[in-house]
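Here is a short briefing to read with the model open beside you. It starts from a single side chain and then moves out to strands, sheets and cores.

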Amino acid sequence: MNRWKTPFTWLALALVTCTPTTVDAATINVFAAASLTESLKEIAVAYEKQTGNKVVFNLGASSFLARQIEEGAPADIFFSADEAKMDGLEKKGLIVKETRKSRLSNSLVIVVASEKGAAIGSPKDLTTDKVKRLALAEPRTVPAGIYAKEYLQKQNLWHAVEAKVVPTENVRAALAAVEAGNAEAGIVYKTDATITKKVKVAYEVPANDNPAISYPMAAVRDSKQLDAATRFLKYLDSDEAGRVFEKFGFIVRK
């Protein structure tokens, strides 16, 4: 029997050696702004192949995600579309301050339907009869809407358009409202306008007029995978990830 035992023993050892180990694999839960959807998913595919870890996304309005983290949702990383939501979590001691970094910026555009869309040539056209409904992410709480309101206030247009505003759950919902014809125009991030052919950019806000748009990221203090989360944050801060963000139109901060 010994002459059979040895070959089978070596075969078993070979199988163990050649089979990829998943003992150290981690699942990283990333709570991220909806505008980051496509770029983060592409980055995650490459990262998962390199590491064997799995990246799971919870995508939505930064205000809603921050509230979920405050209520104890199992997040490992928070990637916000504004500093205020991250500030709120930091003040409550809910993020690892040392891991926080502003990674990206963006810009605002006014969009209309690609076919038979409103003839918008300037922001002032939003105050005319050309636009009866203006889709914005909720301007009281959602970063994209807050930025849009800030811009309109700076242009002294907010009071003229406020009654027309159709507030939506997040910036993607504002985009969808214009796509569906439920609003003649919308203000969204430039990066969102590139993901659909159903809308077109009618006006791009000049760099000097844009609000200070910032996307900070940080590890969540109560993460069950803090080491893995920190490694993924480093990858998000890499040149490789930066190229993906730039491909989707984001302004990458070094």
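**Starting from strand E4**

The side chain of Arg 103 comes within 2.8 Å of the backbone oxygen of Leu 236. Please keep in mind that this is a predicted model. Arg 103 belongs to strand E4, and the residue is buried, with a relative accessible area of 2%.

**Ser 102, next on the tour**
- Ser 102 also sits in strand E4, which spans residues 101-105.
- Its side chain makes a polar contact of 2.6 Å with the side chain of Ser 214.
- The side chains of Ser 102 and Arg 253 are joined by a polar contact, again at 2.6 Å.
- Which residues does Ser 102 touch, not counting those up to four places away in sequence? They are Glu 83, Ser 214, Tyr 215, Pro 216 and Arg 253.

**The six-stranded sheet**
- Strand E4 is part of an open sheet of six strands, ordered E2-E1-E3-E10-E4-E11, and the pairing is mixed.
- Strands E2 (54-60) and E11 (251-252) are at the edges; each has a single partner strand, so one side of each has no neighbour in the sheet.
- Strand E1 (residues 27-33) pairs with E2 in the parallel sense, over seven bridges.
- Within this pairing, you can find Ala 32 opposite Leu 59 of E2.
- Helix H3 (residues 62-70) lies across E1, E2 and strand E3 (77-79), and its direction is at about 140 degrees to E1.
- Helix H9 (residues 226-236) lies across E1, E2, E3, E4 and strand E10 (215-219), running at about 150 degrees to E10.

**The five-stranded sheet**
- Another open sheet is formed by five strands in the order E7-E6-E8-E5-E9, with mixed pairing.
- Its edge strands are E7 (165-168) and E9 (199-204), each of which pairs on one side only.
- From one strand to the next, the twist averages 35 degrees.
- Strand E5 (residues 108-113) runs antiparallel to E9, and five bridges join the two.
- Val 111 has Val 201 in E9 as its bridge partner.
- Helix H5 (residues 143-154) lies across E5, strand E6 (134-137), strand E8 (185-189) and E9, at about 115 degrees to E8.

**Nonpolar cores**
- How many residues does the largest nonpolar core have? It has 71, and those with the most contacts inside it are Leu 36, Phe 79, Leu 126, Leu 134, Tyr 215, Phe 232 and Phe 245.
- Helix H9 gives the most to this core, with six residues.
- Leu 36 is in contact with Phe 79, Leu 104, Tyr 215, Phe 245 and Phe 250, leaving aside neighbours within four places in sequence.
- Another core, of twelve residues, lies apart from the largest one, and its members include Phe 78, Leu 89, Ala 218 and Val 220.

- The protein chain has an average pLDDT of 92, and 91% of the residues score at least 70.
- Over residues 1-23, pLDDT stays under 50, and the model has zero contacts beyond four places in sequence for this stretch.
- Where pLDDT is low, predicted coordinates should not be read in detail.

Terms used:
Residues numbered from 1 in each chain as written. Predicted model: local features only at pLDDT ≥ 70, side-chain atom pairs only at ≥ 80, totals over all residues. Heavy atoms only, no water. Helix = DSSP H or I, 4+ residues; strand = E, 2+ residues; numbered from the N terminus. Polar contact = N/O pair within 3.5 Å; in protein donor to acceptor, adjacent residues only side chain to side chain. Contact = heavy atoms within 4.5 Å. Pairing = 2+ DSSP bridges. Axes fitted to C-alpha atoms, helices over the stretch in contact; angles between N-to-C directions. Buried < 20%, exposed > 50% of the residue type's maximum accessible area, 1.4 Å probe, protein only. Core = buried A, V, L, I, M, F, W, Y, C linked by side-chain atoms within 4.5 Å. pLDDT = per-residue confidence, 0-100.
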